[in-house]
Amino acid sequence: MRETPEELNELQALLDASLSRSTDHLRSIVVEHTMTAEQLTQVLTGMCTLALSTVTAKGEPRISAVDGHFLHGKWYFGTARTAAKARHLAARPAASAAHLRGEDLGVFAHGAVEVLNPPDGEAAADWPEVLAHLKDFYGDQSDWDGEVFYYRLRPHWMTVYAPDAAKLITG
């Protein structure tokens, strides 16, 4: 777990606020089957495949998979600089992400992305830490900044469905 106590508090506040703003239908499903921020950070370790949704210039939704890493209460992911999703996110940074593990876990987030390693700009302040995490996970690759954009999804809404949180934490 890489989250500070402040980050855990922010994540918990986001989870609570998101659920309170959700529809009655969603709350009826999730309220008794969710996780705390601390539990979630214990479960979302390593690489988690995300279904990432972007929007085309015509307003058409597009979904694809990316390697997601949950760090400091936010999703981080990368894609080729030439990928369609990179063009979508450059023009329209709103995105949605979902991480599903069968019927055991669903993490859903909506927010805006920011590029951590822009080609002609200053890298995000936390890019060295994120890069170190990625190198620890994937090994040292030759061109981390040249071929891939790395993003942080700053969620404004996030909810978690986990019918048996204890099973995921101890499992």
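Tutor: Two strands pair if DSSP finds at least two bridges between them. Keep that cut-off in mind. The model is predicted.

Student: How do you know that β2 and β3 pair?

Tutor: Count the bridges. Strand β3 covers residues 74-80, and four bridges join β2 and β3 in the antiparallel sense. The cut-off is at least two bridges, so β2 and β3 count as paired. For an example in β3, look at Trp 75, the bridge partner of Phe 70.

Student: What makes β2 and β3 a hairpin, and which residue in the turn has a positive phi?

Tutor: The hairpin has two residues between β2 and β3. In the turn, His 72 has a positive phi of about 55°.

Student: Where is His 72 found, and why is His 72 called buried?

Tutor: His 72 sits in the loop between β2 and β3. Its relative accessibility is 14%. Buried means under 20%, so His 72 counts as buried.

Student: How do you know that β1 and β2 pair?

Tutor: The test is again bridges. Strand β1 spans residues 48-55 and strand β2 spans residues 61-71. Eight bridges join β1 and β2, in the antiparallel sense. At least two are needed, so the pair qualifies. Leu 52 stands opposite Ser 64 in β2, and Cys 48 has Gly 68 in β2 as its bridge partner.

Student: How many residues lie between β1 and β2 in their hairpin?

Tutor: Five residues lie between β1 and β2. Gly 59, in the turn, has a positive phi of about 80°.

Student: How do you know that β1 pairs with β4?

Tutor: Strand β4 covers residues 94-101. Three bridges join β1 to β4, and the two run antiparallel. Three meets the cut-off of at least two, so β1 and β4 pair. In β4, Ala 98 is the bridge partner of Ala 51.

Student: Why is Thr 79 called buried?

Tutor: Thr 79 has a relative accessibility of 8%. That is under 20%, so Thr 79 is buried. Thr 79 is in strand β3. Beyond its neighbours within four places in sequence, Thr 79 is in contact with Lys 85, Ala 86, Glu 147, Val 148, Phe 149 and Tyr 151.

Student: Why is Asp 67 called partly exposed?

Tutor: Asp 67 is at 34% relative accessibility. Asp 67 lies in strand β2. Not counting residues up to four places away in sequence, Asp 67 touches Met 47, Cys 48, Tyr 76, Phe 77, Gly 78 and Tyr 138.

Student: How many residues apart in sequence are Asp 67 and Gly 46, and what is their separation in space?

Tutor: They are 21 residues apart in sequence. C-alpha to C-alpha, Asp 67 and Gly 46 are 9.6 Å apart.

Student: Why is Lys 135 called partly exposed?

Tutor: The relative accessible area of Lys 135 is 32%. Lys 135 belongs to helix α5, residues 127-138. Leaving aside neighbours within four places in sequence, Lys 135 is in contact with Asp 140 and Trp 144.

Student: How many helices and strands does the protein have, and how do you know that the protein is as compact as a globular protein of its length?

Tutor: The protein has six helices and six strands. The radius of gyration is 16 Å, and the globule rule gives 16 Å for 171 residues, so the protein is as compact as a globular protein of that length. Buried residues make up 42% of the 171 residues.

Student: What is the pattern along the sequence?

Tutor: The pattern reads α-α-α-β-β-β-α-β-β-α-β-α.

Terms used:
Residues are numbered from 1 along each chain as its sequence is written. This is a predicted model: local features need pLDDT of at least 70, side-chain atom pairs count only at pLDDT 80 or more; totals for chains, interfaces and linings use all residues. Side-chain values use heavy atoms; hydrogens and water are left out. The radius of gyration is taken over C-alpha atoms; the globule rule is 2.2 Å times the number of residues to the power 0.38. Buried means under 20% relative accessible area, exposed over 50%, partly exposed in between (1.4 Å probe, protein chains only). Contact means heavy atoms within 4.5 Å.
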